[in-house]
Structure formats: structure tokens, C-alpha cells
Amino acid sequence: MAEKMYKRPDGLYEKKLTINGKRVAFRAKSTREVMRKIAAYREKEESGPTFETVAGAWWEDKEPRLSPNTVSNYKLAMRRAVQQFGGDPVKGLTPVAVKAYLERLARRGYARRTVNQHFVVLRGICAFACETFNVMQNPAALVKLPDKLPQARRKMPTPAQIETIKAMADTPDGLLLNFLMYSGLRLGEALALRWRDVDPQAETIRVENALYYAGRNQGQIKAPKSDAGRRSVIYLKRLQTILEPHRGPASAFVFGGEQPMSKKAYYCLLDRCRRAGLDVTPHQLRHAYATLLFEAGIPEKTAQGLLGHAQISTTMDVYAELREKKLAEAARALNDTDF
């Protein structure tokens with residue numbers, strides 16, 4: 001092979017080969033060094049792209065389709081995966097390595113939701129490698145989440161907090177809190193509503209968009225995070241009583257006027273509530289609405305549509321938690337009762 005190498009006018013030896021359909025030139029000061037370069041290149045081609053390379057390509061494909069709130073979470077999960085596997089060939093990734101990575105996250109004390117989100121990202125990168133880089137098997141598809149991961153319990157506002165919110169109904173701050181509690185909308189969905197979306201005659205609220213701050217003071221209006229987010233919810237009469245006196249032009253935002261409520265205005269609202277002794281989150285108020293559905297006997301499938309859950313399993317988890325709470329309350333009542 002050395003005899004067939006071309007010696008260039010500058011003294012370097014050169015050999016051109018076609019490898020995996022690509023024409024590649026190898027140059028060095030000696031024929032032996034050219035052969036070493038060829039061997040190293042073939043080994044690299046056979047091992048395929050690194051995990052970091054695939055993750056970067058996956059991110060370019062995935063990021064434009066993510067909601068702004070999801071971008072930061074997925075980016076962090078991707079960065080941690082790259083720190084773990086970055087320089088390794090993606091085709092060499094094994095289920096054992098994936099499992100060890102998840103267990104490492106678990107040992108750090110991350111909650112089940114956080115570990116699962118990291119797992120979703122890793123599984124997505126591996127699936128992308130199969131689709132785009134001819135990797136034959138997704139090693140993450142053969143792995144399950146570690147057992148007994150800590151799981152944050154959804155907090156329900158206390159009865160006292162609910163009564164305080166109801167008493168604030170005629171105040172600007174209380175208006176938003178009552179709306180969230182009696183509509184079940186996510187905060188971004190509520191802040192993106194215009195008055196034309198709120199129909200007292202049909203007794204419906206139409207959810208078409210969501211407001212995302214994504215690090216900006218003035219949010220961006222985009223579609224909800226899933227197709228299930230586009231929905232109609234019941235405009236309860238008790239909510240109509242609170243909201244209708246404040247009705248504005250059809251194109252105006254229900255919370256904010258000509259422009260939706262800014263991030264600064266929202267955090268100021270929260271700060272005023274906390275200083276008044278009311279520390280609740282929009283997610284807690286959404287959970288209060290789910291409890292209202294449960295107490296009213298609304299079936300899980302109907303509740304899924306009203307809450308905008310993409311998966312029925314999410315609604316079932318909420319209902320299961322509420323049933324467990326009811327059972328615990330019944331047990332306490334029975335233990336306190338005797339013949």
C-alpha cells in the first residue's frame with residue numbers, strides 16, 4: 001500500500017480512500033503515519049458518532065417544537081446526560097449504563113418527576129440516534145425508573161386559605177385567584193384569555209392559547225403545551241358572578257387589559273398575597289379544582305378533558321391520591337367512633 005501512495009511536492013505522503021461513501025484524503029510525513037491515520041479514521045467511523053454529537057443534533061430538531069417553559073428543563077437534562085456520556089460512541093451505550101445514570105440521579109435525592117424528565121430526554125436522544133445515525137437499538141427502552149423515588153405530594157389549599165380567597169373575590173388580586181380555583185386553568189392559560197373566549201351564554205371558557213414568560217417580563221402567546229390543552233371548560237355560575245362585572249372589550253385580555261399581565265405584575269400580586277398571609281400557588285388552586293371535580297363525582301375521562309391532561313393516567317393519579325385521602329379520613333373517623 002505504501003508504494004501506491006502519492007508523494008506531494010511539499011514532501012507529504014498522501015493516500016485517498018472512499019470510506020462509507022465519502023472520499024477522504026490522508027496526509028503525513030511518512031507512509032507509516034498515513035496508515036496510522038487511516039486506521040484511526042476507520043475505527044472512529046465504525047464506532048459512530050459520540051453521544052454529544054447526537055444530543056446536539058437531537059436538540060436542533062427538538063427545541064423548536066418545545067414550549068418555552070419546557071426548553072429550560074429539557075436543556076438542563078440534556079446537559080447532564082452529555083456530562084455523563086458526552087465523548088462515548090452513542091452505539092456503545094448500554095442499558096446497564098443508562099440504569100446506572102438514573103440511579104446516580106436518584107442518589108442525589110432528585111424527585112421522581114425530575115428523574116423521569118431526565119429519562120425522557122435521554123430516551124429521546126437514543127431514539128433519535130436510531131432514526132438518524134443507524135443505531136440498531138435504543139438502550140433506554142429496556143430500562144425502568146428506579147424504585148421508591150421521592151414523590152412530591154400535591155398540596156391542596158387549606159380550608160382557611162380557600163375561605164380567604166373567596167373573601168377576596170371583589171379585589172383585583174382575588175379575582176385571578178378565584179378564577180384559577182373555579183376554572184382549573186393553568187396560570188399561562190388563564191393569562192392568555194381574552195374576553196371573547198369567555199361566553200356566559202354558553203357557560204363556557206374556550207382555551208386556545210397560553211402565556212409563557214420564558215425569562216421575559218412581557219410574555220409570549222403560544223399554543224398550549226399539548227393538543228389536549230385546547231379545550232372548553234365550564235364557566236361556573238359562581239365564577240360568572242365574580243368575573244362578569246369586570247367584563248371588557250372582546251379583544252382585551254381578561255387579566256391585563258390591552259396587554260396580558262406582565263411577569264413583574266404577577267410576582268407583585270404574589271408578594272402582596274404573601275404579605276397578607278396567603279401563600280398559595282396556581283398549581284395548588286388547580287388541584288383545588290380537581291378536588292371539586294372529584295367531590296362532584298365527575299368521571300375521570302370528563303375530568304381529563306376539563307383539566308387539559310394529555311394522558312388519562314395523569315388524571316387517574318390525581319383521583320387516586322384524592323381517594324387515598326378520603327380513605328384516610330374515613331379511617332380516622334372510624335377510629336374515633338365506637339359502639
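Reader: In this predicted model, how many residues apart in helix 1 are E33 and R36?

Author: Both residues sit in helix 1, which covers residues 31-47. About one helical turn separates E33 from R36. That is because they are apart in the helix by three residues.

Reader: How far apart are the closest N and O atoms of E33 and R36?

Author: A salt bridge needs a side-chain nitrogen of Lys or Arg within 4 Å of a carboxyl oxygen of Asp or Glu. E33 and R36 form such a salt bridge. Their closest N and O atoms are apart by 2.5 Å.

Reader: Is R36 buried or exposed, or in between?

Author: Buried means under 20% relative accessible area, and exposed means over 50%. The relative accessibility of R36 is 48%. R36 therefore counts as partly exposed.

Reader: Which residue forms a salt bridge with R274?

Author: R274 is partly exposed, at 43% relative accessibility. The closest N and O atoms of the pair are 3.3 Å apart, and the partner is D279.

Reader: How many residues apart in sequence are the parts that E300 and R323 tie together?

Author: The side chains of E300 and R323 meet in a salt bridge, 2.7 Å from N to O. E300 lies in helix 12 (residues 300-307), and R323 lies in helix 13 (residues 312-335). So the pair ties together parts whose separation in sequence is 23 residues.

Reader: Which residues do salt bridges that share partners join into one network?

Author: Side chains of opposite charge can pair when their charged atoms come close. Here, salt bridges with shared partners make one network. Its members are R8, D10, E14 and R27.

Definitions and conventions. Residues are numbered from 1 along each chain as its sequence is written. This is a predicted model: local features need pLDDT of at least 70, side-chain atom pairs count only at pLDDT 80 or more; totals for chains, interfaces and linings use all residues. Side-chain values use heavy atoms; hydrogens and water are left out. Helices (H or I, at least four residues) and strands (E, at least two) are DSSP runs, numbered from the N terminus. Buried means under 20% relative accessible area, exposed over 50%, partly exposed in between (1.4 Å probe, protein chains only).
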